[in-house]
Amino acid sequence: KELDTALLDGHIDLAVHSLKDLETRLPTGITLAACLEREDPRDTLIGSGLTSLDDLPEGALVGTASLRRQAQLLHRRPDIQITLLRGNIQTRMRKIREGEADATFLALAGLTRMGVDHEAACILSPEELLPACGQGAIGITCRIGDSRVRSWLEQTSHAKTMIRVSAERAMLDKLDGTCRTPIGGLAALNEQGDLTLRGLVARPDGTALFRGELTGAGVDAHALGRELGARLRRDASDDLFH
């Protein structure tokens, strides 16, 4: 919010964000003008001797602050215990080494950018753990009316990444997603320009989880995202969003 205020007040010309942490509905006057080429969006499992979620012993203690990760794990493994685990990459890895929990999750993109991707016990497929919308992407915002900066950023933007995250964020917007609603989403774009979007919404305790998938033209990314979001919202109970 401080960056948004600085943009609108003219103190800065652009702001750089981890896209999965950028709010879905931007303040009036601000636009997502560019995305850098996306890193691998998958999640990883951090913990000694683990090669999959099924390697977690019965009743294992898993640390996370992410309701999305928590819900998907508990849906698959209701025997697992969850504990709150916060901090940057190094802090969370240290807490696992010190035994505060048996395992945790970290985004592969963050590990790669820090040069510590070898620390991952295993990389989880989207079928095992669907990533957060925008995970692995860097987004750049600026003022809508600043044509000079927008033209610079549009030349920097990675077109395929922008198409993918546009679909994911449109789905998230239709679901009216907040940090209190476990939502996952990931779009894939093939060489022919076809876009496949997968999404899910769940209860934090994993007792209900709804999945959906749509394929369409990449040029219709925003509409595709909104359609899948509407379908998921119809399938899920209204109380998932309150």
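Q: What makes two strands a pair?
A: Two strands pair if DSSP finds at least two bridges between them. This is a predicted model, and its open sheet of three strands has the order β1-β8-β2, with antiparallel pairing.

Q: Why are β1 and β2 said to stand at the edges of this sheet?
A: β1 (15-18) and β2 (30-35) each have a single partner strand, so one side of each is left without a neighbour in the sheet. From one strand to the next, the twist averages 35 degrees.

Q: How do you know that β2 and β8 pair?
A: Count the bridges. Five bridges join β2 to β8 (residues 138-143), and the cut-off is at least two, so the two strands count as a pair. They run antiparallel. Within β8, G139 is the bridge partner of C35.

Q: Why is I46 called buried?
A: The relative accessible area of I46 is 5%. Buried means under 20%, so I46 qualifies. I46 belongs to strand β3 (residues 43-46).

Q: What does I46 touch, leaving out residues up to four places away in sequence?
A: The contacts are M93, I96, D102, A103, T104, L106, L111, E119 and A120. Take E119: I46 and E119 are 73 residues apart in sequence, yet their C-alpha atoms are 7.2 Å apart. Contact is judged on heavy atoms within 4.5 Å.

Q: Which residues of the largest nonpolar core touch the most other members?
A: M171, L197 and V201 do, in a core of 18 residues. At least two residues each come from α6 (159-174), β9 (183-189), β10 (194-202) and α7 (221-235). The largest share, four residues, is supplied by α7.

Q: What is L197 in contact with, neighbours within four places in sequence aside?
A: The list includes A167, E168, M171, L186, A187, L214, L224 and L228. Another core lies apart from the largest one and has 14 residues, among them L45, L53, V62 and L74.

Q: What makes the radius of gyration of the protein chain agree with a compact globule?
A: With 242 residues, a compact globule would have a radius near 18 Å. The protein chain has 18 Å, so the two agree. Along its principal axes, the C-alpha trace spans about 55 × 40 × 35 Å.

Q: How many helices and strands does the protein chain have?
A: There are seven helices and eleven strands.

Q: What share of the residues is buried?
A: Buried residues make up 49% of the 242. The accessible surface comes to about 11800 Å², with 48% belonging to carbon and sulfur atoms.

Definitions and conventions:
Residues are numbered from 1 along each chain as its sequence is written. This is a predicted model: local features need pLDDT of at least 70, side-chain atom pairs count only at pLDDT 80 or more; totals for chains, interfaces and linings use all residues. Side-chain values use heavy atoms; hydrogens and water are left out. Buried means under 20% relative accessible area, exposed over 50%, partly exposed in between (1.4 Å probe, protein chains only). Axes are lines fitted to C-alpha atoms, for helices over the stretch in contact, and angles run from 0 to 180 degrees between N-to-C directions. A nonpolar core is a set of buried Ala, Val, Leu, Ile, Met, Phe, Trp, Tyr and Cys residues joined through side-chain atoms within 4.5 Å. The radius of gyration is taken over C-alpha atoms; the globule rule is 2.2 Å times the number of residues to the power 0.38. Accessible areas come from the Shrake-Rupley method with a 1.4 Å probe; for residues, only the protein chains shown count as cover.
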